[in-house]
Amino acid sequence: MTRDRLGLVWAGLGLIGLGLAVLVASLLGWAKLWPLFPILAGLGLFAGYVTSGAKDGGLAFLGTAAILSGLFLFGFTLGVWTWQEMATLWPVFLLIVGIAFLVAFLAERRSRDLGVLGLGCAAVAAGVLGLGVTRGLLGSDIVKLWPLLLVLVGLFSLAGVVVRALRRE
């Protein structure tokens, strides 16, 4: 199948998915189902990643972030959590960003940047620690150690520079 036809297939599937999502949301109510749209957008971005020859990690990052954000927000619209709990659940967004960076690192085919890996690890660590503090599982004194996350990102960035320099020699 040619690249043009493959693009048309994905466009057709995307329109079918969007139409079904709008139909279901119209029948069941928009208030509960609107997080479906970031999920569909994320799936579309992943489709772009899969069909592109470049294997751009940025598409994988955005797709992951959109899908995970939509799933998290479904927890609120479907009654798993109340919107008032967002005050203690906001670190989940740090986890989502961290996981998206890790997926981008793994998805990048051209050259994996260790700085992206460091950002992913730091964001996941910040999200876990943040949830621990906001949900009362960890004391708030641990927040004073946040500069260690900067050190972690810096170490990964330096390691990436060293690895690239060694590959060129």
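**Close-up views of a predicted model**

**View 1. A salt bridge between E85 and R135.** E85 counts as partly exposed, at 24% relative accessibility (buried is under 20% relative accessible area, exposed over 50%, and partly exposed in between, with a 1.4 Å probe and protein chains only). The model is predicted, so local features need pLDDT of at least 70 and side-chain atom pairs count only at pLDDT 80 or more, whereas totals for chains, interfaces and linings use all residues. Residues are numbered from 1 along each chain as its sequence is written, and side-chain values use heavy atoms, with hydrogens and water left out. The partner of E85 is R135, and the closest N and O atoms of the pair are 3.8 Å apart (a salt bridge is a side-chain nitrogen of Lys or Arg within 4 Å of a carboxyl oxygen of Asp or Glu). Because R135 lies in the loop between helix 7 and helix 8, while E85 lies in the loop between helix 4 (57-77) and helix 5 (86-89), the pair ties together parts that are 50 residues apart in sequence (helices are DSSP runs of H or I, at least four residues, numbered from the N terminus). R135 is also partly exposed, with a relative accessible area of 40%. A search of the whole structure finds one salt bridge.

**View 2. A nonpolar patch on the surface.** The patch is formed by V9, W10, L13, I16, L20, L23, V24, L27 and L28, which together have about 880 Å² of accessible area (patch residues have over 30% relative accessible area and no salt bridge, with nonpolar side chains joined within 5 Å and like charges within 9 Å; areas come from the Shrake-Rupley method with a 1.4 Å probe). One of these residues, L28, belongs to helix 1 (residues 3-28), and L28 counts as exposed because its relative accessibility is 62%.

**View 3. The largest pocket and its lining.** About 260 Å³ of space lies in this pocket (on a 1 Å grid, a pocket is an open set of points with protein on both sides within 12 Å along at least five of seven lines, and lining residues have an atom within 4 Å of a point). Among the residues that line the largest pocket are W10, L13, F37 and L40, and the elements that give two or more residues to this lining are helix 1 and helix 3 (36-51). Helix 3 supplies the largest share, six residues. By class, the lining has eight nonpolar, three polar and no charged residues, where Gly counts as polar.

**View 4. The second largest pocket and its lining.** This pocket has a volume of about 190 Å³, and its lining includes A126, L129, I142 and W146. Helix 7 (114-134) and helix 8 (147-168) each supply at least two lining residues, with the largest share, four residues, coming from helix 7. Nine of the residues that line the second largest pocket are nonpolar, one is polar and none is charged.

View 5. A100 lies in helix 6 (residues 91-107) and is buried, its relative accessible area being 0%.

Terms used:
On a 1 Å grid over the protein atoms alone, a cavity is a set of points where a 1.4 Å probe fits but cannot get out, and a pocket is an open set with protein on both sides within 12 Å along at least five of seven lines; lining residues have an atom within 4 Å of a point. Grid points are joined across faces, edges and corners, and a volume is the space filled by probe spheres set on the points.
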